[in-house]
Amino acid sequence: MAPVPISSINVGHIDDVQELRRTKPKTVPQRFVRDMTERPTLLSPQNSDMPVIDFSKFSKGNKEEVFNELSKLSTACEEWGFFQVINHEIDLNLMENIEDMSREFFMLPLDEKQKYPMAPGTVQGYGQAFVFSEDQKLDWCNMFALGIEPHYIRNSNLWPKKPARLSETIELYSRKIRKLCQNLLKYIALGLSLEEDVFEKMFGEAVQAIRMNYYPTCSRPDLVLGLSPHSDGSALTVLQQAKGSPVGLQILKDNTWVPVEPISNALVINIGDTIEVLTNGKYKSVEHRAVAHEEKDRLSIVTFYAPSYDLELGPMLELVDENHPCKYKRYNHGEYSKHYVTNKLQGKRTLDFAKMEIMNNTN
């Protein structure tokens, strides 16, 4: 989370998409219209082979069930970079509450939401993140994001007063998701034949943030993107899609955009750049994007979980050998995070920051 705004950039006028939808329902301003090569293919939901992990098997299953679930998790991380988790032990009433209150926040009058502005160059508050120039194409999305842990990344002025219990619910929800991320990393470590607490020890005071994304309906969803293609800079990302929302998430699988329909009450998990680096590319962060819908709005609640900003990161020694040479340099995670949030979303370009320079042999 960038601590201060970048005052030197000019982002130009940014229309609030909800207000656009309300006042000019058939209008799509040119800043939202994508170039032909970027326009989405609006695919029908399909039953993909994305792995589904039954979290309860880890704590309640027999030895064989635990082994099978660890194997599925390892395959998911290696071949997909995405998976869904069922029986995750997050209270369903809590999930429903945060959905309801998030939606209530986005339905507030614009002047109320603008009391919590996302300043240029930052990723906390209400508005659009990752905008750095006045001619940059915009996403068909409103965002509201907050830093959660450690407490020093919080901006107390951005925590909302309305709805009355939203801030309290975010606190409780974030504690439960944090525990889920810690447990998932433990099982990911076991799937790599590493000590189960290796990530917890390494990460120190882990960084956590939450972002609520609201995608209003759009009269021309074929021209816009809800969220530009990108991979996440986190270790793990946890997505909860609100009930009744249309399919909006698409992931890049074998060079094809595949729509993902979340299972009811499941959470969608994806591997971030941090895990790709730590595993020396064995597990890959995957490009994903969001598309808009003509008839239904969409709400998602996303948590990002990452190591302490103080951590020096690089491929783990256990995953580097003669057959798997080191692909990434060592770097400071805080510096990488700053690099990530001060660049526009553009596929996996931000991960170039960590890649080893290829030396040309001139014999």
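So, pLDDT is the predictor's confidence in each residue, on a scale from 0 to 100. We need that because what we have here is a predicted model, where local features need pLDDT of at least 70, side-chain atom pairs count only at pLDDT 80 or more, and totals for chains, interfaces and linings use all residues. Residues are numbered from 1 along each chain as its sequence is written, and side-chain values use heavy atoms, with hydrogens and water left out.

Okay, how does the chain score? The average pLDDT is 88, and 90% of the residues score at least 70. Residues 1-7 are below 50, although that stretch has 20 contacts (heavy atoms within 4.5 Å) beyond near neighbours in sequence. Residues 358-363 are also below 50, with zero contacts of that kind. Where pLDDT is low, the predicted coordinates should not be read in detail.

Now the overall layout. The chain has nine helices and 14 strands; these are DSSP runs numbered from the N terminus, H or I of at least four residues for helices, E of at least two for strands. Of the 363 residues, 56% are buried, where buried means under 20% relative accessible area, exposed over 50%, and partly exposed in between, using a 1.4 Å probe and protein chains only. And among contacts with a separation of 6 or more, 79% are between residues 24 or more positions apart.

Let's go inside. There are three cavities of 30 Å³ or more. A cavity, on a 1 Å grid over the protein atoms alone, is a set of points where a 1.4 Å probe fits but cannot get out, and lining residues have an atom within 4 Å of a point. Grid points are joined across faces, edges and corners, and the volume is the space filled by probe spheres set on the points.

Two residues I'd like to show you. Gln-241 lies in strand E7 and is buried because its relative accessibility is 14%. Its side chain makes a polar contact with the side chain of Arg-298 at 2.6 Å; that term means a pair of N or O atoms within 3.5 Å, where within protein one must be able to donate a hydrogen and the other to accept it, and residues adjacent in sequence count only if both atoms are side-chain atoms. The Gln-241 side chain also reaches the backbone oxygen of Pro-246 at 3.3 Å.

Then there's Arg-289, in strand E11. Is it buried or exposed? Buried, since its relative accessible area is 5%. Its side chain makes a polar contact with that of Gln-250 at 2.8 Å.

Most residues other than glycine have a negative phi, and most peptide bonds are trans. Here a cis bond joins Glu-149 and Pro-150, with omega about -10 degrees, and another cis bond joins Lys-162 and Pro-163. Asn-280 has a positive phi of about 55 degrees, and Asn-280 is buried at 4%.

How values were computed
On a 1 Å grid over the protein atoms alone, a cavity is a set of points where a 1.4 Å probe fits but cannot get out, and a pocket is an open set with protein on both sides within 12 Å along at least five of seven lines; lining residues have an atom within 4 Å of a point.
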